[in-house]
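This briefing reviews a protein–DNA assembly topic by topic. Please consult the sequence and the structure shown below while reading.

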Protein chains: 2
Amino acid sequence: MAGKRDSHPRSVWLTSKPARKRRESESAAGAGNLDREKIIATAVRLLDAKGEAQFSMRLLAAELNVTPMSLYWYVSNKDDLLELALDSVIGEIRLPKINVRSDWRKDLRALAGAWRHTLVAHPWAIRCYGEYLNIGPQSMGFTQRSQEVMARSSLSKEDQLVALSAVFQYVYGFASTESRWLEYGRKTGSTVDEFVAEVAASVSGIPGAQGGLLERRSTQTMKELRDRDFDRALDWLIAGMLA
Amino acid sequence: MAGKRDSHPRSVWLTSKPARKRRESESAAGAGNLDREKIIATAVRLLDAKGEAQFSMRLLAAELNVTPMSLYWYVSNKDDLLELALDSVIGEIRLPKINVRSDWRKDLRALAGAWRHTLVAHPWAIRCYGEYLNIGPQSMGFTQRSQEVMARSSLSKEDQLVALSAVFQYVYGFASTESRWLEYGRKTGSTVDEFVAEVAASVSGIPGAQGGLLERRSTQTMKELRDRDFDRALDWLIAGMLA
DNA sequence: ACCTGAACACCGTTCAAGT
DNA sequence: ACCTGAACACCGTTCAAGT
């Protein structure tokens with residue numbers, strides 16, 4: 001993986017030259033000038049707007065009024081760029097203030113919720129997260145903050161790591177599912193509620209298959225149900241690890 | 001997503017013509033003849049062997065000694081083919097025998113473990129699972145069996161669905177992480193243990209970042225640790241939902 | 001130091017045509 | 001009913017060359 005194109009993948013974060021040497025003259029040069037941050041920011045914007053499928057190095061270059069090959073002066077390939085873009089959106093996650101007196105479980109839930117929010121806001125980032133090592137500076141910062149939260153729990157040092165992994169694996173799976181349905185709804189031009197109903201109807205036509213997970217569970221909107229389900233399973237997990 | 005190429009995605013399973021009409025003459029025709037099942041089986045084999053990045057319609061056609069365009073007689077595009085391939089590997093999952101007298105939690109753990117096993121065995125399927133609706137016949141069969149297992153629990157009908165989703169979202173996240181590290185290890189030609197150690201060493205060079213989740217936790221092998229972590233968090237979740 | 005043009009080796013897919 | 005050839009509209013990336 002990681003390196004759809006590369007056969008011997010290396011994370012950007014593991015390249016020997018830690019990053020392209022930033023040029024000294026970072027004065028207020030012409031606003032049209034290229035630099036790494038601008039490329040990454042534009043990439044994120046395009047990925048959000050057009051989706052990963054429509055995103056290409058060529059499109060990005062055009063958006064920056066530059067030749068595709070210019071980009072390769074700043075990033076070594078598309079995979080590296082995506083890995084950089086991913087870390088950059090991880091940096092958007094709103095970290096809860098660490099308050100020594102507050103309940104660490106509240107902070108953990110806040111971290112999980114913030115992460116879910118960011119992932120769902122950038123569907124392409126979910127796929128990237130599943131493909132790349134996530135060891136960029138922003139990612140490490142997020143992990144560190146999470147560990148600080150867990151450190152206030154009564155769990156053993158080792159259990160803190162296991163618990164943290166479990167929580168974020170759950171959140172990742174949840175966000176992935178959530179995003180998938182949102183995207184399908186968006187692309188078919190219907191609300192999620194409508195789309196789910198349509199799929200449920202279509203699927204119920206198959207003999208032997210009951211609606212199952214697609215069944216309408218109440219009169220609440222999907223969004224409300226999703227929020228509630230997210231919190232409930234998170235509570236189960238936290239309750240279980242403390243039992 | 002779903003439809004990297006298509007802008008108005010529809011699952012294979014939602015196409016109005018439910019499947020291409022199977023030809024009546026399914027006699028023992030020449031072994032070299034094309035058909036849908038053979039195409040799907042070959043696709044799965046190639047995806048496993050070469051990885052999704054190397055897999056292409058053209059490669060698949062070559063493997064089948066046929067022109068790329070022949071494939072489009074049987075599947076309408078690459079996305080549909082991947083969706084079919086995904087459902088086909090879901091069909092490989094070894095479902096636990098439903099035993100009315102056995103503990104349903106044991107069956108649930110068996111389902112989760114079997115699913116994890118299948119996902120990790122087919123890394124490309126993980127990405128597909130995150131991208132497509134998973135409503136093919138095999139997928140529905142798996143879901144149905146899962147619901148039968150949950151039906152033996154003391155949970156309310158609605159909680160059964162919430163719990164099932166949570167469990168499989170966790171397993172999906174776990175398998176995604178697991179597969180990612182396995183793939184990186186494989187591609188760099190090292191064991192996972194070696195690769196993790198290498199990354200941990202590299203990352204620890206960054207100021208302010210402690211090893212964190214990459215820290216070596218014991219003398220056990222990664223495989224043993226992964227298995228234990230997987231079971232523990234699953235137990236937490238199950239314990240939590242019953243509390 | 002930074003950017004470009006031309007080219008290479010690929011993609012998925014359409015469409016008209018063959019048998 | 002099934003398969004093909006040629007073509008279209010793309011990709012990411014290399015490499016030598018420009019300034």
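This is a predicted model: local features need pLDDT of at least 70, side-chain atom pairs count only at pLDDT 80 or more; totals for chains, interfaces and linings use all residues.

Which helix of chain A gives the most to the lining of the second largest cavity? Helix 3 of chain A, residues 78-90, does so, with four residues.

**Relation of the protein chains**

- Chain B is superposed on chain A by a rotation of 180 degrees with 0.0 Å of shift along the axis, at an RMSD of 0.0 Å. This is the relation of a two-fold axis.
- The copies meet through the same surface, because 100% of the interface residues of chain B are also interface residues in chain A.

**Surroundings of DNA strand C**

- Sugar or phosphate accounts for 57% of the atoms of DNA strand C within 4 Å of the protein, and bases account for the rest.
- A:S70 places a polar side-chain atom 2.3 Å from a phosphate oxygen of DNA strand C.
- For A:Y74, an N or O atom of the side chain is 2.4 Å from a phosphate oxygen of DNA strand C.
- The side chain of A:W73 likewise has an N or O atom 3.5 Å from a phosphate oxygen of DNA strand C.

**Surroundings of DNA strand D**

- Around DNA strand D there are 17 residues, of which A:R58, A:M69, A:Y72, B:S70 and B:Y74 come nearest.
- The surface near DNA strand D divides into eight nonpolar, four polar and five charged residues.
- Of the atoms of DNA strand D within 4 Å of the protein, sugar or phosphate contributes 58%, with the rest belonging to bases.
- In chain B, an N or O atom in the side chain of B:Y74 lies 2.4 Å from a phosphate oxygen of DNA strand D.
- In chain A, a polar backbone atom of A:M57 is 3.2 Å from a phosphate oxygen of DNA strand D, and a polar side-chain atom of A:S56 is 3.5 Å from a phosphate oxygen of DNA strand D.

**Largest cavity**

- The whole structure contains four cavities of 30 Å³ or more, and the largest cavity has a volume of about 320 Å³.
- Its lining consists of 23 residues, and the closest to the centre are A:I126, A:R127, B:R127, B:G130 and B:Y172.
- Both chains contribute to this lining: helix 5 (123-131) and helix 7 (157-187) of chain A, and helix 5 (123-131) and helix 7 (157-187) of chain B, each supply at least two residues.
- Helix 5 of chain A provides the largest share of the lining, six residues.
- The residues of this lining divide into nine nonpolar, six polar and eight charged.

**Second largest cavity**

- The second largest cavity holds about 50 Å³ of space.
- Its lining is formed by A:W13, A:E83, A:L86, A:D87, A:I90, A:Y129, A:L133, A:N134, A:I135, A:G136 and A:S139.
- By class, six residues of the lining are nonpolar, three are polar and two are charged.

Technical notes: Residues are numbered from 1 along each chain as its sequence is written. Chains are lettered from A and ligands numbered from 1 in the order in which they are written. Side-chain values use heavy atoms; hydrogens and water are left out. A residue is near a molecule or strand if one of its heavy atoms lies within 4 Å of it. A polar contact is a pair of N or O atoms within 3.5 Å; within protein, one must be able to donate a hydrogen and the other to accept it, and residues adjacent in sequence count only if both atoms are side-chain atoms. Copies are superposed by least squares on the C-alpha atoms of residues with pLDDT of at least 70 in both. Contact means heavy atoms within 4.5 Å. Ala, Val, Leu, Ile, Met, Phe, Trp, Tyr, Cys and Pro count as nonpolar, Asp, Glu, Lys and Arg as charged, and the others, Gly among them, as polar. On a 1 Å grid over the protein atoms alone, a cavity is a set of points where a 1.4 Å probe fits but cannot get out, and a pocket is an open set with protein on both sides within 12 Å along at least five of seven lines; lining residues have an atom within 4 Å of a point. Grid points are joined across faces, edges and corners, and a volume is the space filled by probe spheres set on the points.
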